[in-house]
Amino acid sequence: MRKGVSQPVTVFHGETAVPGDKSISHRALMLGGLAVGETQIAGLLEGEDVLRTADAMRAMGADVERIGPGNWRVSGVGVGGLSEPEDVLEMGNAGTGARLLMGVLAGHDMTVFLTGDESLRSRPMSRVVTPLAMTGARFVAREGILMPLAVIGTAEPMPIEYRLPMASAQVKSAIMLAGLSAPGETIVTEPEATRDHTERMLRHFGAEVRLETGEAGARRIVLVGQPELVAADILVPRDISSAAFPLAAALIAGEAEVSLLGVGLNPHRSGILLTLLEMGAAIEKRNAREVGGEPVADLIATPGSLSGVTVPAERAPSMIDEYPILAIVAAFAEGETRMCGLGELRVKESNRLTAIRDGLTVNGIEAFVEGDDLIVRGQPGGVPGGGLVEARHDHRIAMSFLVMGTASENAVMVDDLSSIETSFPGFLDLMNDLGAEIGEVYS
Ligand code: S3P
């Protein structure tokens with residue numbers, strides 16, 4: 001275990017750029033591998049999760065090559081053209097990689113075994129297995145539909161119409177990826193909007209994807225099956241889910257000005273900004289532009305007094321990965337912050353509802369879970385810190401509490417830093433270059 005400690009600092013300052021977007025990076029490798037021709041990807045996240053997807057695509061016949069830092073070239077095999085890998089696909093900690101690939105595999109006439117680390121092996125796969133089985137693919141899995149599991153795909157899956165029982169871009173995307181091999185239209189209805197990177201990138205590669213409005217305003221996403229995907233270059237925006245950590249550190253610092261360049265601001269991802277602004281945060285958006293079909297801007301954050309807010313459940317899909325860091329900001333805000341409708345946090349890399357509550361509690365902050373809501377009582381006068389937080393194989397838990405340590409009265413320790421590599425390689429150096437004092441503890 002690589003234990004870490006974050007010491008309180010007073011100044012947090014500088015201009016930086018976080019790594020590429022994880023969601024978009026996985027999709028770029030998969031769709032590049034399914035397209036005909038050569039796709040050049042710039043700004044790819046080289047975190048462990050994405051590297052697992054690169055290995056998996058390579059093991060199935062796509063030519064995936066690293067040209068330089070963040071620059072990758074993928075020569076695709078065409079929709080339905082992947083070949084059976086000789087070995088088990090090891091997906092590590094990557095829930096997105098695993099679930100999206102299961103969709104891809106459902107549309108291939110072959111048998112593929114997938115597994116992952118302790119965290120991924122405990123995460124529910126029934127949410128993708130249920131709709132993918134409707135296409136004609138078959139699955140063999142451990143009790144509870146857990147990994148390791150085998151996908152027995154079919155060359156011509158049936159096009160299905162499916163209403164998502166939960167707000168999940170992973171499930172939506174897995175169904176659409178299976179639908180690529182299906183004749184006719186695959187239709188996914190989502191009661192609440194989730195990130196639409198798959199839809200955007202499929203269009204970028206030439207597929208027809210329509211957005212229609214269904215009953216009660218539900219979103220119907222219609223994919224016309226069996227497209228010829230044509231290779232198209234991709235510039236990956238920087239990950240707002242990673243930018244949220246230095247951004248939060250600036251907001252809670254004694255003295256700070258931090259500029260984060262080229263952050264992806266897909267409207268279905270940027271709920272954290274809305275929430276922080278409601279809390280009174282000083283965040284300025286500059287240089288708004290479009291990068292590879294996604295909105296992007298530079299974000300400039302400075303500290304100031306923050307107030308607790310109620311975050312409505314409807315906002316959860318647009319900031320689902322940002323609740324751990326929001327809870328840290330809430331600890332430094334005046335009054336109570338209530339984050340509603342967070343049932344999905346129980347099935348992330350860890351049970352984030354309990355991981356956040358327990359981490360805050362050992363650091364002297366009152367926090368509790370009421371049903372699916374998380375409540376944090378802020379102590380702007382002084383967040384005690386001084387606790388040892390269990391990371392639970394969860395990168396966002398580890399990084400969030402290291403941010404807490406930058407502004408608490410006493411240092412915050414995290415029992416294992418290794419998960420940070422899954423999404424944010426270079427996190428410690430980037431934070432320390434801005435003024436943090438985060439180090440490894442060798443004991
Ligand atoms: C992701 C979707 C979200 C998110 C995950 C990435 C994606 O998961 O938490 O980090 O890239 O589609 P769910 O689909 O489970 O909400």
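Modeller: Helices are DSSP runs of H or I with at least four residues, strands are runs of E with at least two, and both are numbered from the N terminus. The model is predicted, with local features needing pLDDT of at least 70 and side-chain atom pairs pLDDT 80 or more, while totals for chains, interfaces and linings use all residues. Residues are numbered from 1 along each chain as its sequence is written, and side-chain values use heavy atoms, with hydrogens and water left out.

Biologist: Which residues are around the ligand?

Modeller: A residue is near a molecule if one of its heavy atoms lies within 4 Å of it. Here the shell around the ligand consists of Ser 23, Arg 27, Thr 96, Arg 127, Ala 167, Ser 168, Ala 169, Gln 170, Arg 195, Ile 320, Asp 321 and Lys 348. Helix 1 (22-34) and helix 5 (169-179) each give at least two residues to this shell. Sorted by class (Ala, Val, Leu, Ile, Met, Phe, Trp, Tyr, Cys and Pro are nonpolar, Asp, Glu, Lys and Arg charged, the others, Gly among them, polar), the shell holds three nonpolar, four polar and five charged residues.

Biologist: How many Å separate a polar side-chain atom of Lys 348 from an oxygen atom of the ligand?

Modeller: A polar contact is a pair of N or O atoms within 3.5 Å. For Lys 348, a polar side-chain atom is 2.7 Å from a ligand oxygen, and an N or O atom in the side chain of Asp 321 is also 2.7 Å from an oxygen atom of the ligand. Ala 169 takes part through its backbone, where an N or O atom lies 3.0 Å from a ligand oxygen. The ligand on its own has 390 Å² of accessible area (Shrake-Rupley method, 1.4 Å probe), of which the protein covers 95%.

Biologist: Which element gives the largest share of the lining of the largest pocket?

Modeller: That element is helix 1, with four residues. The lining counts 32 residues, and Ala 167, Arg 195, Ile 320, Asp 321 and Lys 348 lie nearest the centre of the pocket. Helix 1, helix 3 (95-106) and helix 5 are the elements that supply two or more lining residues. By class, this lining has eight nonpolar, 10 polar and 14 charged residues.

Biologist: How much space lies in the second largest pocket?

Modeller: About 170 Å³ lies there, and its lining has seven nonpolar, two polar and one charged residues, including Leu 251, Phe 332 and Glu 334.

Biologist: How many cavities of 30 Å³ or more does the structure hold?

Modeller: It holds two. The largest cavity, of about 40 Å³, has His 197, Arg 238 and Glu 294 among its lining residues. The second largest cavity, of about 30 Å³, is lined by Val 9, Phe 12, Ala 249, Ala 253 and Thr 406, with no charged residues.

Biologist: Where is the cis peptide bond?

Modeller: Most residues other than glycine have a negative phi, and most peptide bonds are trans. Here a cis bond, with omega about 0°, joins Met 147 and Pro 148, and Pro 148 belongs to strand 9 (residues 146-152). Ile 145 has a positive phi, near 55°, and lies in the loop between strand 8 (138-142) and strand 9.

Technical notes:
A polar contact is a pair of N or O atoms within 3.5 Å; within protein, one must be able to donate a hydrogen and the other to accept it, and residues adjacent in sequence count only if both atoms are side-chain atoms. On a 1 Å grid over the protein atoms alone, a cavity is a set of points where a 1.4 Å probe fits but cannot get out, and a pocket is an open set with protein on both sides within 12 Å along at least five of seven lines; lining residues have an atom within 4 Å of a point. Grid points are joined across faces, edges and corners, and a volume is the space filled by probe spheres set on the points.
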